[in-house]
Amino acid sequence: MKLVCKIISIIFVLNWALTYVQAQETPQVYKKRVLETSEVDFLTSYYTQDGENAAVSGGIGTEELTDVTGTVVISIPLNDDDVLTIDAGVSAYTSASSSNVNPFDGNAPANAFIASSGASQSDTWVNFTGSYSHSSEDRNNILSAKVSVSSEYDYFSLGFGGSYSKLFNEKNTELSINANVYIDSWNAIYPIELRPFGTNGTGSFRPSEITGNTNYNPTFSEFDSEGRNSYSLGLGFSQILHKNVQGLLSLDVVRQQGLLSTPFQRVYFSDVEDSFVEDFHLADDIERLPNSRFKVALGGRLNWYLNEIITLRTYYRFYFDDWGINSHTASIEIPVKLTDRFTVYPSYRFYNQSAADYFAPYEVHLSTSEFYTSDYDLSEYTANQFGLGATYTDIFTKLHVWEFGLKSIDLKFYNYNRNTAFSSLIITAGFKFVMD
Amino acid sequence: MIKRFLPIFCIAFFVSNCVVVKEYQKVNLNDPDMVLSEKKCDRNVTIAHSYREAAVGANGGKTGGGCGCN
C-alpha cells in the first residue's frame, strides 16, 4: 500500500513537473505592438483668403485674412497595447475683416473695404489635446479618451471625448461610436459704435461727426450669457468590400446650445435710416441667431486601390440642420505613385449649401425680425476646390534629426473658389519622424 | 431621422457578411493612401472648411466647439 502511495505521489509530482515544464515551453503568441515606436508629426500651413462680403461689416467689406499654423503631434507607445498622443498647436492670424470691429483708427477715413490697424486685426489661437487609447489583446476592441483645451483672445474652449471601436469578421468590419462635449465661452467684443448703447454705455457715439441720419440711437442689448456648449455623437461603419476596395459610412449628430451668434458681426436694417461716420456705415445691430442648433451629417468614403500606381479616394457628405441649411460635399483624390518614394495627389472637391433661414444680404433685414445675420458663410453658394500635393516617403528613414528618422514629407496646395467674390489658398506641409 | 438612416446601416451590415478578405490578402488595403480618414497633413484644410462652411462632421474632423466657427 505504501508502495502504491509512493508511486501515485511520484506520478503526481512528475505530472506537475511535466505540466510546469510544458507551460514554460509553450511558445508565446506573437503580439504586434499597436505602435512600434514613438512618432512625431510636424504640421504647418499658410492660409490666405479674400472676398467682399465681410460679416463684421454686415455683408459688405473686405474679407482679407492670413493665417499661419504650426502643430506638433507626438504619439508614444506606453506598452504593447496603449498609446498616448499629445497634440499641440498655435495659429496666428491677421484679419482685415475683424480689424473693422473698430474701423476708426485715424489713419484714413474708415471704410468697410479698408483694413483698420485696431487691436482686433490679429489674434493667436492655441490648442492642446491629449488622448489615450487602449487596444485589446486580439486588437478587436479599441477604447480611447481625450481632453482638449483651446484659447484665443475672445474665446475659450474645454473639450472631453471618448470612443469605442469593435472589429469583427476577421477585421473586415469595424463599428465605432464616439462622443464629444465642448464647454466653450465667449469674451464678447461688440462693434465700437454700439458699445456706448450697451450696459453702462454713454448713450451716444461721435454725435458731431455723424452724417445721414444724425439721430443715431440703435436699440442694442448685450448678450446675457456668453457660454456655448456642443454635444456630438458619431457612429461609424467601415467594411472591406474586396482585397482592393474598402468603404466607410459615418453619421455625426451635433447639438449646440448657448451663444451661437458672433458678437462683433454687424447687421443693417432696411427699415432704419442709415448713419455714417467718415465712410463707414454705423451698425443697426449685431447678428442675432437662435441659441440652439441641431446638425446632422451623413458621410461615406470609398477607396479603391486600382493598381500599384493609382489609387482612388472618394468622399461624399450630406448635411442638414434646423437653421434650414442643406449641403452636399463630394471630393475625389487620385494618388499616383511616380516611384517607390514619390507620390503626387491631384484632387477636386465640390461643395454647395442652401442659405440659413436667418440670412439676408446687406441692408435687407427688417428690424422687426427676431433672428438675423448677414454672414455669407451662412448664405447659399457653391464652391470648387482644386488641389495638388506630393509626398516623399523613405521607409528606411535614412535622414536623421537627433534620434528620430524622417519617414515622410507631405506638401499640398489647394485653391478654393466660391461662386461669390470669395476665394482662398492654403499650403500645407507635414514632416513625419519615427524614433529609432 | 433614425428611420431615415437605419436602412442604410442595415444594408451595410448585411453587405459586411458577404466578403472576408484574409490578413495576408490585405497588403493593398494597408497602403497609406487607402486609409479611411483624412490624412494628417489635410487637417488644417478641414479646419479652414469648418470656419468658412456651414456643414461640418462625418469626415473625421471637428463637429463643433473649440473655436468661434460654426
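This is a predicted model: local features need pLDDT of at least 70, side-chain atom pairs count only at pLDDT 80 or more; totals for chains, interfaces and linings use all residues.
**View 1. Chain B, a chain with two helices and zero strands.** Chain B has 70 residues, and buried residues make up 50% of them.

**View 2. The interface at which 51 residues of chain B are in contact with 87 residues of chain A.** Between the two chains an area of about 5800 Å² is buried, to which carbon and sulfur atoms give 55%. On the side of chain B, the residues B:L36, B:R52 and B:A58 supply 13% of the area that this chain buries against chain A, which is more than any other three residues supply.

View 3. The elements that give two or more residues to the side of chain B that touches chain A are α1, residues 2-15, and α2 of chain B. Sorted by class, that side of chain B has 24 nonpolar, 14 polar and 13 charged residues. The count of salt bridges between chain B and chain A is eight, whereas a search of the whole structure, over all chains, finds 23.

**View 4. The salt bridge between A:D87 and B:R43.** The closest N and O atoms of this pair are 2.4 Å apart. Because A:D87 lies in strand β3 (residues 82-95) of chain A and B:R43 lies in helix α2 (residues 43-52) of chain B, the pair joins two chains. A:D87 counts as buried because its relative accessibility, 11%, is under 20%, while B:R43, with a relative accessible area of 23%, is partly exposed.

**View 5. The salt bridge between A:K337 and B:D33.** In this pair, the closest N and O atoms are 3.4 Å apart. Side chains of opposite charge can pair when their charged atoms come close.

View 6. The side chains of A:K32 and A:E36 meet in a salt bridge, with 3.7 Å from N to O. Of these two partners, A:K32 counts as exposed at 51% relative accessibility, whereas A:E36 counts as partly exposed at 44%. A:E209 forms a salt bridge with A:R206, and the closest N and O atoms of this pair are 3.5 Å apart. A:E209 counts as partly exposed at 37% relative accessibility, and A:R206 counts as partly exposed at 28%. Salt bridges that share partners also join A:E39, A:D41, A:K432 and B:K40 into one network.

View 7. The residues A:R255 and A:L233 are 22 residues apart in sequence, and the distance between their C-alpha atoms is 8.9 Å.

Terms used
Residues are numbered from 1 along each chain as its sequence is written. Chains are lettered from A and ligands numbered from 1 in the order in which they are written. Side-chain values use heavy atoms; hydrogens and water are left out. Helices (H or I, at least four residues) and strands (E, at least two) are DSSP runs, numbered from the N terminus. Buried means under 20% relative accessible area, exposed over 50%, partly exposed in between (1.4 Å probe, protein chains only). A salt bridge is a side-chain nitrogen of Lys or Arg within 4 Å of a carboxyl oxygen of Asp or Glu. Contact means heavy atoms within 4.5 Å. Buried area is the accessible area (1.4 Å probe) that two parts lose on being put together, summed over both. Ala, Val, Leu, Ile, Met, Phe, Trp, Tyr, Cys and Pro count as nonpolar, Asp, Glu, Lys and Arg as charged, and the others, Gly among them, as polar.
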